[in-house]
Amino acid sequence: MSATISHITIAVDETNLVPTYLRTLVPSIKIRPKDELKNMKQKKWAHGCLWIVISLSLVMVGCSREQPNHRLLLDAEQQMDNNPMRAMEMAIRCMADSTAFNDADSALYGLVITESVHKLRSYILSDSLIGWSARYYEQHGDKNRLARAWLHYGLVMNDNHRTNEAVEYLKKAELLALQLNDNGLRHDVFEALGKMNDEANNRTLAISYYRKTLETARKSGNVNWIAISLNNLASAYDRAGDAKRQAACSEECRPLMNKVDNHVKAAILTNQASIDIKQGYLASAKENLEMAMELEPQETTTKLYADLLALWGHTDMAVDYWYQSLTGYKPYVQIDAYQKLIAYYKQRGNNERALDLSQRLNRMYQHLKENTDTTNITELQTKFDKDTAEANNRRRLVGLVAAIALLAATVLLLVGYHRHRMRRYEKIIDRMLSEYHKEEKSGHKQWAVDEQQLQSPVVVRLHSLATRGKTPQQEDWIELYALGKPFLSMLSNYRLSVKEINICMLSKLGFAPSEIATLTASSPQAITNSRIRLHSKIFKEKGGAKDFDSKIRKLRIED
């Protein structure tokens, strides 16, 4: 089997994040900032938009081996969490030896490339690589890599506004991740679902998933993940209008400031600035925003800085930052920036400019309406969870029915075996009685238990078995019946079951109730109840278990 990938399209959040690195790695790359994509996409999709284009001619010839054998590719996978840029570099260098790829190498290559792009906070529109990986791992049962492939396939589908497929693959990744003991995988899946719901303005589900992300981050002990999760929660609470919880999450982030990456630190400072503005601490807000912009310019930071300038009366300066915010990727940032600019130009009497911005904002609303249906996303997730629950219930029901059927079959087999065994003992007892009557002499014959009989090999052996918690073999019972043929003959005058005969024999020979319970595979209470019934059957009067023991041991048998 082979896979041919001829084209990958990537977009990045900031123009200085990946391009410089990739430009030196692959000289043919054409670099375009991701924020330019949105405007170009609205004008003409056919021109491919302004994105980073990696032209990779890839023919991966496999020899149907299950495991990847390219050492550099496996090393790249190990680098993924700690250094995704290094992982991408190593994966691309594998291309020099791509003819040595088998199918597993091809699948892993697609997964590593797509996963590293996403971990670098970038976007990839082509689903060729990750689609191949997902299909391969689904066929070969590598659950961990399959969950990762579904996760990143879902992210690609979401970036392409293919909502139904995005939800399906992200939810499948979640379902599989919950079965695996991998906090890192769960963290990535929960974060992806949180962001998808956040971008769709589905605050309730977004916050729910961000909380799950925080829980897995704390279990893993990864400070960066903890800070990102807290910051995502703070931002979600901010947009939901819950200033109290936003402040609580932001405050929890503060001790982590010096332990996290610049990207995370910039996001924390931005959230803190948002809180400062609400509380009227404008100087503190300005300081936090300037620090954040110096660490890493982010669209939320830029828009918030513009709002702060406007509050101070520097509206002309704010306009430049609002325009910068229009080129971002987050819809809620762009919408707010458009609204601020429209209000500014209306106030200045520049109605023509205000009208142009209003039309652009309306086109954006229309675009969001067509491509981001919050209700649909919620319904799709609810339907997936419902279908999954029903499938699990069906599996549990089938398993329960199978277990009941197996239990019933086992009980029937045990009952049948027990009956067969009792019939066999009954035949043995009948044979013993027949032999006894043949040997019987005229006159009276008595059987009283003496010391010699109590020390007989079979009695000693039965005591030993009881001590070790084991039941006798058929030969042991036969030998016991042979020892007490006269007593066995007397018992035959009563309608006793084999088990009752055994209890009488053992009681006559001085076995303790606990020993009798072990030797007859019964509970002590069952033996107590049987002795009470036997007292009534044999001695024709009411009495307790101890009364039965006393009378049966003193009983002298005459034939």
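Is Arg 148 buried or exposed? With a relative accessibility of 11%, Arg 148 counts as buried, where buried stands for under 20% relative accessible area, exposed for over 50%, and partly exposed for what lies in between (1.4 Å probe, protein chains only).

## Basis of the model

This is a predicted model, in which local features need pLDDT of at least 70 and side-chain atom pairs count only at pLDDT 80 or more, while totals for chains, interfaces and linings use all residues. Residues are numbered from 1 along each chain as its sequence is written, and side-chain values use heavy atoms, with hydrogens and water left out.

The structure holds 34 salt bridges, each being a side-chain nitrogen of Lys or Arg within 4 Å of a carboxyl oxygen of Asp or Glu. In one of them the side chains of Arg 148 and Glu 77 meet at 2.8 Å, N to O; Arg 148 belongs to helix H7 (residues 143-159) and Glu 77 to helix H3 (residues 71-78), 71 residues apart, helices being DSSP runs (H or I, at least four residues) numbered from the N terminus.

Glu 77 is likewise buried, at 12% relative accessible area. Through shared partners, salt bridges join Glu 77, Glu 115, Asp 142, Arg 145 and Arg 148 into one network.

## Two further helix-to-helix pairs

Lys 212 and Glu 174 form a salt bridge of 3.9 Å, N to O, which links helix H10 (residues 203-220) with helix H8 (residues 163-179). Here Lys 212 is partly exposed at 30%, whereas Glu 174 is buried at 7%.

Glu 500 and Lys 537 meet at 3.2 Å, N to O; because Glu 500 lies in helix H24 and Lys 537 in helix H26, the pair ties together parts 37 residues apart in sequence.

How values were computed: Helices (H or I, at least four residues) and strands (E, at least two) are DSSP runs, numbered from the N terminus.
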